[in-house]
Amino acid sequence: MKNNFPALLLLVAAMASCRKDGNPPVSTPSQTFTLQQHPAEKAYPGIQGRVIGIQHGSDSIFVEKKGGGYVWMGDILLDEQHFNAMKKSGTITTDRTFTEDYTRLWPSGQVFYALDPNFTATEQGFINDAIADYQNNTPIRFTARTNQSNYIYIQRGATGTGLYSTSIGMAGGQQIINLEGGMFGPGEIEHEMGHAIGFYHEQCRTDRDVWINVNYNYIYPNTQSNIYQYQTYDEIGSSGWQIDQFDFNSIMLYSSYDLVQPGTNNYPMTLTNGQPFNSQRNALSAGDIATVFYMYQPVYVRATLNYTDDENDQTYQHSEGTVSVNFYSDAAGTVPATLTYPLELNYAVVTTSDCSGTMGVENTFTIIPAGNPGTVTIGNFSMTYTYDSQMDPLTCYSQTTGVAPGVGYWQIY
Ligand SMILES: [Zn+2]
């Protein structure tokens, strides 16, 4: 009797285009935004810093050294330590709008913060408005820090410091959101808070060319660090992924009017018909809200392989069965989840690398609609193994190949 356990490799992705199919991801208030020529948030906007390129595998990362740090992607100010960590790290997680790094998500969406006492009453009101927008519409909760070690210090920046966050997601220890006095409203605060919980800029999506034209030659000043802000995560060599469609209402999108050479109509980004577009900094868009849910309200997936051996002896094994999945809102797998998105499952049944086996199922895609899916059978498989007489069949044992690469989506057994 052989003991060869086929294993499941399961990839879970949210469906693109789900907001057009009658399944809104979350209930949101109707939105009427004023789209304007907002300048994009920038750290030290009046200073042209020295551009530094660092090699990162086969790709280059460009930052601008100014303001006592390294400005990455326009409004992320990295300190020396984080810059050096980026130089050393094996992977960067620059997704469409959010970090893929689980350790950078605030546990349970609980964000601790401390407030600079120098904000004016009006500015404090803006900050309260920004916090309220997150708390009324997403699972993020802001709590005044007492003694927590990981927290955001929201500081009122001096003239010229601009708007920035020192981290994408939770940095560990103190991190800063800098708001130059008099230069912001609730929307700009929400943009920087977006970075602090893990958002990147919307124009970094890999599918953005379907929706907009990007003309790198028109970026002014045409420095590599400015060009870098408009590249997709694919173009800068990072693995990433994206949900839903390009969102012109996203609070994380630049408008066409940023980094335009004065006196010209040379827009770095336009609609595909060549016309410039505006951006909004009023409130989180439906797409922003859905993304926060995606990141911070995880769905747990349990995959089950039901199979039988119809032939099994010392030299040969043949198994057949089905693959099914269940979704849960808790890590223990006891509370069935309601999916806020249609999910696309990509799964394969594989063997461990030290076994010779026949892959029964490869790259099979299944779409699970939003709602309460219950148990979903996503496919059948059959596997055949033949054994070398010298091989110890127990070396084939494996149950640990589950992978769910999306932020917020986890596989459990
Ligand atoms: Zn930004």
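Trainee: In which loop does Y44 lie?

Mentor: Y44 lies in the loop between β1 (7-14) and β2 (50-56). Helices (H or I, at least four residues) and strands (E, at least two) are DSSP runs, numbered from the N terminus. This is a predicted model, where local features need pLDDT of at least 70, side-chain atom pairs need 80 or more, and totals for chains, interfaces and linings use all residues. Residues are numbered from 1 along each chain as its sequence is written, and side-chain values use heavy atoms, without hydrogens and water.

Trainee: What is the phi of Y44, and is Y44 buried or exposed?

Mentor: Phi is near 45°, a positive value in a residue other than glycine. Y44 has 14%, so Y44 counts as buried. L259 also has a positive phi, near 55°. L259 sits in the loop between α4 and β12 (269-271) and is buried at 16%.

Trainee: Which peptide bond is cis?

Mentor: The bond from Y220 to P221, with omega near -5°. P221 is in the loop between β11 (212-214) and α4 (224-228).

Trainee: At what angle do α2 and α3 cross?

Mentor: Axes are lines fitted to C-alpha atoms, for helices over the stretch in contact, and angles run from 0 to 180 degrees between N-to-C directions. Under 35 degrees is roughly parallel, over 145 roughly antiparallel, 65 to 115 roughly perpendicular, the rest oblique. Helix α2 (residues 121-137) and helix α3 (residues 186-197) cross at roughly 55°, and their axes come within 9 Å. The two helices are therefore oblique to each other.

Trainee: Which residues of α2 and α3 make the contact?

Mentor: Contact means heavy atoms within 4.5 Å. From α2 come F126, I127, D129, A130, I131, D133 and Y134; from α3, P186, I189, E190, M193, G194 and I197.

Trainee: How many aromatic pairs does the structure hold?

Mentor: Rings of Phe, Tyr and Trp (its six-membered ring) pair if their centres lie within 6.5 Å; planes under 30 degrees apart are stacked, over 60 edge-to-face, the rest tilted. The structure holds 11 such pairs. One of them is Y113 with F142, edge-to-face at 6.1 Å centre to centre and 80° between the planes. Y113 is in strand β6 (residues 110-115) and F142 in strand β7 (residues 141-144), so the pair ties together parts 29 residues apart in sequence. Y113 is buried at 15% relative accessibility, and F142 is buried at 9%.

Trainee: Which residues form one aromatic cluster?

Mentor: Y113, Y134 and F142.

Terms used: Buried < 20%, exposed > 50% of the residue type's maximum accessible area, 1.4 Å probe, protein only.
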